[in-house]
Amino acid sequence: MLDKFAKLEEHFAEIEARLGDPSVVADVEKFTALTREHAALVPIIAKLREYKKVSAQIDEDKALLETSTDEDLKTLAAEELADLRKTKAELDAELPILLLPKDPNDERNVVMEIRGGVGGEEAALFAGDLFRMYTRYAERQGWRVDIVDSNPTTIGGFKEVIFTVEGAGAFSKLKYERGIHRVQRVPVTESGGRIHTSAVTVAVMPEAEEVDVEINPGDLRIDTYCASGAGGQYVNRTETAIRITHLPTGIVVQCQDEKSQLKNKEKAMRVLRARVKDLAVSEQAEAIAADRKSQVGSGDRSGRIRTYNFPQGRVTDHRIGLTLYKLDAVLNGDLDEFIAALITADRSQKLSATQ
């Protein structure tokens with residue numbers, strides 16, 4: 001491990017030297033790429049230097065205990081040595097994690113899609129609950145949520161809602177939310193007081209930049225139509241809604257959230273690029289379908305990642321076996337404990353795979 005860090009330190013020094021080269025500074029693209037790589041390495045190098053410093057101090061204290069005749073000094077050295085060994089043990093656990101390859105999409109903005117599955121109106125209501133949960137979680141993180149398209153129901157739910165989340169590290173945390181979310185509760189439409197089980201699917205994709213995905217304008221069919229739902233007579237009379245079809249893949253994206261046709265087109269293109277990129281990362285159409293199915297499934301109750309049980313006030317994440325009895329807090333956006341545990345489990349799995 002230390003050999004890897006030694007090479008990383010050499011590479012870091014090379015980057016710092018190149019960042020001081022006038023010819024590199026003049027090349028905006030190259031300079032930007034090096035700056036990003038430098039910023040990513042700074043915390044790793046800082047942790048490595050801390051490790052070296054602690055290790056050197058441990059050696060000094062051990063030598064002092066063996067050679068010194070001053071009892072007071074030896075007592076102080078022994079106390080310091082105990083603290084240093086604890087710090088070194090923590091660093092020993094942290095350093096291998098820093099060597100793990102990072103997901104290049106972690107710092108990206110996110111496109112999320114929530115759809116009601118099994119459960120009809122109750123599933124749509126819970127889709128609305130999840131949308132509010134993610135909105136509140138995003139607010140806690142200082143992120144921005146923007147609806148792209150939605151299909152609301154008459155009693156406050158969503159058959160489908162598509163939205164973007166913009167903010168540093170959004171994908172790094174929200175990517176663990178993709179899958180089937182199950183709810184167990186007495187629906188507002190249930191007169192007999194029976195508990196029903198419904199399912200909602202959540203898809204999470206990193207937002208693609210224009211440079212990531214080349215979309216030929218000739219491959220697009222763009223249709224305009226009158227927006228439906230809230231918005232007043234102006235919205236309903238004017239063709240502000242946009243539907244974009246990507247002919248090579250058959251992907252269809254629509255947006256009617258804004259009163260401006262241009263803004264609706266911009267939002268729709270953001271989602272389209274994310275979906276096209278999601279397809280492009282897979283080698284075959286079969287692999288693409290399998291990857292999307294792993295995220296959204298069929299909308300039934302199998303393959304669930306999390307269950308929200310209202311009668312017991314509990315939320316269980318089935319991937320890591322974590323149950324928290326704070327349902328109200330979770331639905332109010334308190335997802336930190338789940339996401340932290342999922343990140344830890346993911347890192348542990350990756351570490352095991354490299355050993």
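Trainee: How many aromatic pairs does the structure hold?
Mentor: The structure holds four aromatic pairs; rings of Phe, Tyr and Trp (its six-membered ring) pair if their centres lie within 6.5 Å, and planes under 30 degrees apart count as stacked, over 60 as edge-to-face and the rest as tilted. This is a predicted model, in which local features need pLDDT of at least 70, side-chain atom pairs count only at pLDDT 80 or more, and totals for chains, interfaces and linings use all residues. Residues are numbered from 1 along each chain as its sequence is written, and side-chain values use heavy atoms, with hydrogens and water left out.

Trainee: Why is the pair of Phe131 and Phe163 edge-to-face?
Mentor: The planes of Phe131 and Phe163 stand at 75°, with the ring centres 5.0 Å apart, so the pair is edge-to-face.

Trainee: Which parts of the chain does that pair link?
Mentor: Distant ones: Phe131 belongs to helix H5 (residues 121-141) and Phe163 to strand S3 (residues 158-166), 32 residues apart. Helices (H or I, at least four residues) and strands (E, at least two) are DSSP runs, numbered from the N terminus.

Trainee: Are Phe131 and Phe163 buried or exposed?
Mentor: Phe131 and Phe163 are both buried, meaning under 20% relative accessible area, whereas exposed is over 50% and partly exposed lies in between (1.4 Å probe, protein chains only).

Trainee: Which residues do ring pairs link into a cluster?
Mentor: Phe131, Phe158 and Phe163.

Trainee: Changing topic, over which ring does the charged end of Arg243 sit?
Mentor: The charged end of Arg243 sits over the ring of Tyr225, 4.5 Å from its centre. The term requires NZ of Lys or CZ of Arg within 6 Å of the ring centre and within 35 degrees of the ring normal.
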